Amino acid sequence: MNGLSIPSWSGRRAGEALAKVKAEGRRRNTACCICKQSIDYSLSYPHKQSCSVQHVKSRKLYPQLTWEPSNWKPAHLDCNKAAGTGEDLSMGVTSEDW
């Protein structure tokens, strides 16, 4: 990438990004961008339903957007992990908000 290095998604900077996504999601009551179900923003990692940062345009294909806040959306941790594996996320989603 033109000799530029993109810092990995980890450490203090990733924690600050998650805090920003959680605060904005809580304020707007934003649902998971993957399954569209509500997120309990009081849950913390490693709870599988806790909020995580979903990169709308993947870090693999668009590494230059890794640290771009406009590329971040809230997602459940388990939805985010499943999306990274290529699993079909349309299976198992309930029709109601429990």
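The largest pocket has a volume of about 450 Å³. A pocket is an open set of points on a 1 Å grid over the protein atoms alone, where a 1.4 Å probe fits and protein lies on both sides within 12 Å along at least five of seven lines. The volume is the space filled by probe spheres set on the points, which are joined across faces, edges and corners. The model is predicted, so local features need pLDDT of at least 70 and side-chain atom pairs pLDDT 80 or more, while totals for chains, interfaces and linings use all residues. Residues are numbered from 1 along each chain as its sequence is written, and side-chain values use heavy atoms, without hydrogens and water.

Lining of the largest pocket
- At least two lining residues each come from α1 (11–28), β1 (51–55) and α2 (77–85); helices are DSSP runs of H or I with at least four residues, strands runs of E with at least two, numbered from the N terminus.
- β1 gives the largest share, five residues.

Loop between α1 and β1
- Pro46 is in this loop, and the peptide bond from Tyr45 to Pro46 is cis, with omega near 15 degrees.
- Asn29, also in this loop, has a positive phi near 55 degrees and is exposed (over 50% relative accessible area, 1.4 Å probe, protein chains only), at 62%.
- Lys36 lies in this loop, with a positive phi near 70 degrees, and is exposed at 58% relative accessibility.

Terms used: 1 Å grid on protein atoms, 1.4 Å probe; cavity = no way out; pocket = protein on both sides within 12 Å on 5 of 7 lines; lining within 4 Å. Buried < 20%, exposed > 50% of the residue type's maximum accessible area, 1.4 Å probe, protein only.
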